[in-house]
Every structure is written in structure tokens, then in C-alpha cells.
Amino acid sequence: QILALAEDLGDQSAQLVASLGLYSNALVAGDFRSAATRAEHLQHAAEMAQDRTFGMIAKRARGSVAFHLGQHAQANDLLDQALASYDRESHGPLAKTHGYDHAEITAVFLGLSRWSIGDPVAARDYLDFAVSHSRDIEHAHSLVQALAFRALLGAVLRDLNLCASGTEAKRYGQRHGLPSL
């Protein structure tokens, strides 16, 4: 209803926000086909509005859906585009309003996707970037999330050094009110 209202009013900003919300809800619910449709709509709306920020977010969204659907070539391409279009100065502050940093979560999905296609070196590089970037921007949730995913990669690779990221994630999370991660 909100998206339809925004469209009826011609409010491009509200259309972008509503489209992002609908995509996010579909992804979290595991409705990947609907999430794909919503991510495509978000991409189209971002292009129509000539909004580079939502264009970056839409590429990440489409790449995340492709990852979940096992379409790793497409996921890697879209996620690489999203990460390349991330601008720390303009997109970094979104971590506070979106709850996570877009470069961090994009790098996490790139790492998981690279691991899925048998490239553990690239997987580790992307997850290391996610951790170091999250430290640089000093965003607790992004850092805990990146550390947790790096620990997961360590478990599947049987790499105890990477697994130690889980302990750091737990301790850091507890210090910053994020004990569930």
C-alpha cells in the first residue's frame, strides 16, 4: 500500500524506501522469488530517480538474492558492482540508519559466494576486508556480523585462526549490547 501511494503521488524518494523495505522483508522471509522481483523493482526505481545510493543498494540486493538462489556468477558480478560503487563518505553513514554497513554486508556475501564456487582464498580476502572496513568505520553491528561470518568460514575451512573471530565477535558484541550475534 505504501509503495502504491508513493507511486500515485510520484514521490521517488518514498518509492525507493518502500521498495527497499519490501525487498528486505521478502529476503528475510526466505521468499527469494519475491525478493528477486522486489530487488529488480528497486533497481528500476533507482535508475528512474538517478539515485546512485539506491542503485548501489539495489545491486547488492540483486546480488544477495542471486547468492541465495545459487546463481553465483550473477551474484559475484552484481556484488562486485555494488562494492565498486560504494562510497565510504556518502554511504558509510547509512550504517547507522540501516543497521549495517553496505560495503561490509556486500563483502560478506562476496566471501560466501566465492567460497561456494571453490575459491577459499578470495572468500577469506573478502571477509578480511569486511572485518577491517567495519573496524575502520567503527560500526559495532557491522563488525560483529563480519567477525561472525569470518568465523563461519573458518569452521568450514577448518582454519582455527579464522574461527577465533567467533570469540572476538562474542566479546565485542557483548560489550556493545549485541550478545545474540
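Helices H9 and H10 cross at roughly 160°, and their axes come within 8 Å. The two helices are therefore roughly antiparallel to each other, since an angle over 145 degrees counts that way. Please keep in mind that this is a predicted model.

**Where H9 meets H10**

- H9 passes H10 in a left-handed crossing.
- By class, 11 nonpolar, 2 polar and 4 charged residues make up the contact of H9 with H10.
- On the H9 side, the residues involved are Pro-120, Ala-123, Arg-124, Leu-127, Asp-128, Ala-130, Val-131, Ser-134 and Arg-135.
- Their partners in H10 are Ser-142, Leu-143, Ala-146, Leu-147, Phe-149, Arg-150, Leu-153 and Leu-157.

- Ala-123 is found in helix H9, which covers residues 120–137.
- Is Ala-123 buried or exposed? With a relative accessible area of 0%, Ala-123 is buried, because anything under 20% counts as such.
- Leaving aside neighbours within four places in sequence, Ala-123 is in contact with Gly-111, Arg-114, Trp-115 and Leu-153.
- The C-alpha atoms of Ala-123 and Phe-109 are separated by 9.1 Å, and these residues are 14 residues apart along the chain.
- Val-131 lies in helix H9 and is buried too, with a relative accessible area of 2%.
- Which residues does Val-131 contact, leaving aside its neighbours within four places in sequence? They are Leu-143, Ala-146, Leu-147 and Arg-150.
- Val-131 and Glu-104 are 27 residues apart along the chain, and their C-alpha atoms are separated by 7.4 Å.

**Where H4 meets H8**

- Helix H4 (residues 52–68) packs against helix H8 (residues 102–116) at an angle of about 30°, with the axes 10 Å apart.
- That angle makes H4 roughly parallel to H8, because angles under 35 degrees count as roughly parallel.
- The crossing of H4 past H8 is left-handed.
- H4 brings Met-56, Ile-57, Arg-60, Ser-64, Phe-67 and His-68 to this contact.
- H8 answers with His-102, Ile-105, Thr-106, Phe-109, Leu-112, Ser-113 and Ser-116.
- Sorted by class, the contact of H4 with H8 has 6 nonpolar, 6 polar and 1 charged residues.

**A loop residue, Asp-159**

- Where does Asp-159 sit? Asp-159 is found in the loop between helix H10 (140–157) and helix H11 (160–175).
- Asp-159 has 18% relative accessibility and counts as buried, because the cut-off for buried is under 20%.
- Not counting residues up to four places away in sequence, Asp-159 touches Arg-124 and Gly-154.
- Arg-124 is also one of the H9 residues that meet H10.

**The protein as a whole**

- Read along the sequence, the pattern is α-α-α-α-α-α-α-α-α-α-α.
- Taken along the principal axes, the C-alpha atoms fill a box of roughly 55 × 35 × 30 Å.
- Of the 181 residues in the protein, 46% are buried.
- Among contacts between residues at least 6 apart in sequence, 54% join residues at least 24 apart.

Key. Residues are numbered from 1 along each chain as its sequence is written. This is a predicted model: local features need pLDDT of at least 70, side-chain atom pairs count only at pLDDT 80 or more; totals for chains, interfaces and linings use all residues. Side-chain values use heavy atoms; hydrogens and water are left out. Axes are lines fitted to C-alpha atoms, for helices over the stretch in contact, and angles run from 0 to 180 degrees between N-to-C directions. Helices (H or I, at least four residues) and strands (E, at least two) are DSSP runs, numbered from the N terminus. Angles under 35 degrees count as roughly parallel, over 145 as roughly antiparallel, 65 to 115 as roughly perpendicular and the rest as oblique. A crossing is left-handed if the near helix is turned anticlockwise from the far one by less than a right angle, and right-handed if clockwise. Contact means heavy atoms within 4.5 Å. Ala, Val, Leu, Ile, Met, Phe, Trp, Tyr, Cys and Pro count as nonpolar, Asp, Glu, Lys and Arg as charged, and the others, Gly among them, as polar. Buried means under 20% relative accessible area, exposed over 50%, partly exposed in between (1.4 Å probe, protein chains only).
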